[in-house]
Amino acid sequence: MMSDLMATCDDVRENVKKYYGNRLESSCDLQTSAASCSLSPCSVPRSVRDALSLVHPEVTKRFFGCGLPFPAKLEGCRVLDLGSGSGRDCYAFSKLVGPSGHVTGIDMTEELIAASRQYVEHHQKEFGYEKPNVTFVQGYMEKLSEAGIQSDSVDVVLSNCVICLCPDKRAVLQQAYNVLKEGGELYYSDMYASKVVPDHMKEDAVLWGEGMGGSLFWQDLISLAHSVGFTTPHLVSSSHIAIYSSELKAKAGDVSYASGTYRLFKLPKSPVVSEATVTYKGTVADFPDQLDFDSSHCFKKDVAVKVNGEMAAIIQRSRFFPDFQIQISDQPESGTESTPQYCHLNPFLLADKLGSSVKQCSKTSK
């Protein structure tokens with residue numbers, strides 16, 4: 001059984017390598033609006049817009065992401081980009097972490113790694129750095145240790161619409177958890193399905209290449225995250241994904257898709273912190289008046305907000321600790337449900353609420 005699983009994983013990887021290494025020349029060759037989801041974000045910080053505008057156009061041309069996984073406060077961080085592709089996000093992260101930070105991009109596709117490495121010196125000069133702060137490594141995100149990524153060595157793991165292409169998502173999340181430092185986070189965008197994707201779709205090479213065959217049912221992310229040690233995921237943003245091809249739409253049947261950006265934290269193995277009252281100081285760059293931590297937590301400067309134990313622990317243990325005043329409650333956390341409801345983490349409901357829509361690329365619906 002295990003050898004069959006390995007054979008299946010290897011087959012999927014080879015198909016994805018061919019799809020992204022040879023078949024797709026630009027994001028407009030995709031048959032869904034996934035890559036367009038990142039083109040109409042709600043209020044992108046100026047620093048992110050500026051960083052993206054400085055990325056070489058040939059790098060941007062071969063961008064296949066489905067979101068904008070750019071969390072706040074990256075300066076000085078050690079960042080790992082899973083499935084770095086052409087390097088677009090890595091080079092933007094390079095600007096955001098600054099000369100004291102470092103970005104590592106890992107991708108299994110030889111053609112994309114070779115393409116991304118061509119522009120290391122260009123961006124070093126563009127940003128005015130004395131030496132490059134970006135490294136590209138060919139390898140598998142399910143096997144980060146084999147690629148030389150050390151445990152407990154990374155502040156932030158990022159990814160943009162790549163985990164849906166991987167057949168073993170638990171291995172990816174476990175590896176991300178292992179390489180993160182305590183208090184670090186996995187912040188990533190991916191494609192999600194409205195229900196469990198049926199087996200016949202998983203066996204279709206084009207559906208896998210488009211991210212449709214391997215998309216995770218969004219509710220399964222929660223149990224998967226908990227199983228490897230992460231906190232409950234926090235949904236940041238989402239958009240509905242349109243399928244352009246009538247053939248692929250027919251194959252998908254009643255399965256619909258959304259792009260969702262989530263953040264998950266690695267906290268120390270310690271007792272659950274009591275609920276707390278936190279007050280944002282307005283000290284995070286680009287967010288002097290208000291820090292939108294996710295779709296459910298908005299922190300206005302100098303306004304005290306009560307948060308649950310897990311959120312209090314995240315603030316206490318993460319890189320955001322200096323930006324908050326924290327007052328821990330003497331009372332044990334109250335109102336905890338025996339069976340938590342996670343409707344607020346549903347990317348389809350959030351996309352409906354935001355009225356998010358994506359513009360079609362150069363393709364026309366068939």
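Of the contacts in the protein with a separation of 6 or more, 80% are between residues 24 or more positions apart, where contact means heavy atoms within 4.5 Å. This is a predicted model, in which local features need pLDDT of at least 70, side-chain atom pairs count only at pLDDT 80 or more, and totals for chains, interfaces and linings use all residues. Residues are numbered from 1 along each chain as its sequence is written, and side-chain values use heavy atoms, with hydrogens and water left out.

Buried residues make up 55% of the 366 residues; buried means under 20% relative accessible area, with a 1.4 Å probe and protein chains only. The accessible surface, from the Shrake-Rupley method with a 1.4 Å probe, comes to about 16600 Å², and carbon and sulfur atoms hold 49% of that surface.

The protein has 13 helices and 13 strands. Helices (H or I, at least four residues) and strands (E, at least two) are DSSP runs, numbered from the N terminus.

An open sheet is formed by three strands in the order S12-S9-S13, with antiparallel pairing. Two strands pair if DSSP finds at least two bridges between them.

| Strand | Residues |
|---|---|
| S9 | residues 276-280 |
| S12 | residues 304-307 |
| S13 | residues 324-328 |

S12 and S13 are the edge strands, each pairing on one side only. From one strand to the next, the twist averages 25°. Four bridges join S9 to S12; in S12, Ala304 is the bridge partner of Thr279.

Helix H12 (residues 309-317) packs on this sheet and touches S9, S12 and S13. The direction of H12 makes about 135° with that of S13. Axes are lines fitted to C-alpha atoms, for helices over the stretch in contact, and angles run from 0 to 180 degrees between N-to-C directions.

Notes
Buried < 20%, exposed > 50% of the residue type's maximum accessible area, 1.4 Å probe, protein only.
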